[in-house]
Amino acid sequence: MGHFFRLSFRLYILFLFVFLSLFFSSKVTLASTIRIGGFDSPRNDFPFNDEDSIVSNLEDPSKFGIGGVVSCGVEFKPFVQEIAPGSLVSNGVRTLDVFIAGSVGYEYPEYRALSTAEAVELALFVEKGGIVYISDTNYVDESPSVNTFFEALGVVDRFSPDVDYLSFLGESYQPIETRVTKGPFGLVGNLTHGDFRVFSVSSFTPVAKGFETIGGIITMALGESEADFGENYVLHEMAYGDGYISVSGMPLYIPFLGSGADEDNVKYFLNLVSLACKAPSSVFVPFLDLPWDYQGKGMTFSQAALSINSYFDHEYPLLSIGMSEPISAQGSATIYKGLFRTSLDYSSHDGYDYGKSAQTKEGTPVLAAASGCAYYKDPKYQCGDKTCARAYGNAVLINHDGAGEGFQTRYYHLQDGSMITTNTDPAQCVQVTKGQQIGKVGHTGNVSPTGEAGSHIHFMVI
Ligand SMILES: [Zn+2]
């Protein structure tokens, strides 16, 4: 009876959960959807949400969606006439992922410049991880209209009164490689553009110089501008907070060529919007390899990766960097398949142990999982009047660069005397390449069983 009751109760909870999920699912925005908003016409001369080639590409499921180049869908939210306080970030949470501020401001009052309150909200949006595209107008007889945004960001970059003026279209020089110009839709080439307002760059990175050629011929200035024609950049970018900003001296999404925007201009916006996709992309390549020569032992990556002696306890992933597990949780672990804890002896374990089943043993070379800079973590410390040892034994830590920038890998229990460095100062780290030997498998620190039989690599990523 008791069992039956418990079972029924669980089923009830399950059904309740399924029911609630169905009920709420229409209102929940999935993390894999990129929400795009922006300024609408007439405040934005050429609203981004119009049916042009950029919008049709964004709505193409082979480009954005499950199985597309970028595995996030796109959802257009209402484009607005003004940014109200709290409309982009409400209670600390973003309501959008991308905001196309476009070209605000014009000589008529209804096409007004970006107000300070709007600029503050937009800056907060970027700080919270939003992506902003903003351009000034290219009208010679008008003042810059979006400088309030740069004031709100606290940078000294500003649009100038000067416009690089040309009577028809030009092309930029080849943009430099950035997270956007070298995005999932490929390298962006010369951008089609017209007259553009000059931007004085300090914190932003200049990305593409304006006006290289028209049809292969170097263009000439028409003399209306005080700007230094041919030397100014039309496009600039900056990572800011958790977000990203793209700035141009005129809107680069205008359908210049009748049927739609230039192919490279379209590609630029597809790559820019892609920054908001946090789901793994179909072109995603892992930056880490496993830290020993598993192929030399006849194992594939997935065979080796899963030949784990002791798993990672998922509930407390930050134990190595100062977080500690409450006593009540000791002796249990959370496995990757779910939230349920079972009694497992790898409680509070913050890495993966690769030993016998992964064909590593005392003396097997330990290899850098990716390129970076290696330093040593000393297991010995003074406790009272004697020297004590920490559980990790000899440890090498690598701060990664390139695709792994911001990540650190750690390799514990290394054999005495085998480490590539014993300098504990990260500032004096040793540069290593992916696959380079950084030590040998050993049994220093706490291993089980004790002695050589317990030799393994404790591998972790922070
Ligand atoms: Zn371990």
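Predicted model: local features only at pLDDT ≥ 70, side-chain atom pairs only at ≥ 80, totals over all residues.
Residues are numbered from 1 along each chain as its sequence is written. Helices (H or I, at least four residues) and strands (E, at least two) are DSSP runs, numbered from the N terminus.

Two strands pair if DSSP finds at least two bridges between them. Strands of a sheet pair through backbone hydrogen bonds, either parallel or antiparallel. Here, strand 13 and strand 16 (residues 233-240) pair in the antiparallel sense over 4 bridges. Thr205 has Glu237 in strand 16 as its bridge partner.

**Helix 3**

Helix 3 (residues 116-127) has 12 residues and reaches 16 Å from its first C-alpha to its last, close to the 16 Å expected at 1.5 Å a residue; the expected span is 1.5 Å times one less than the number of residues. A residue is buried if 20 or more other C-beta atoms lie within 10 Å of its own, exposed if 12 or fewer, and partly exposed in between, with C-beta atoms placed from the backbone. Buried residues of helix 3 include Glu118, Leu122 and Phe125. Just after helix 3, Gly129 takes a positive phi of about 105°.

Most residues other than glycine have a negative phi, and most peptide bonds are trans. The table lists some exceptions.

| Site | Feature | Value |
|---|---|---|
| Ser41 and Pro42 | cis peptide bond | omega about 5° |
| Ser448 and Pro449 | cis peptide bond | omega about -5° |
| Asn91 | positive phi | phi about 50° |
| His413 | positive phi | phi near 65° |

Pro42 lies in the loop between strand 1 (33-38) and helix 2, and Pro449 in the loop between strand 28 (437-440) and strand 29 (457-461). Asn91 is in the loop between strand 3 (89-90) and strand 4 (93-94). Asn91 counts as exposed because 5 other C-beta atoms are within 10 Å. His413, in strand 26 (residues 408-414), is buried because 26 other C-beta atoms are within 10 Å.
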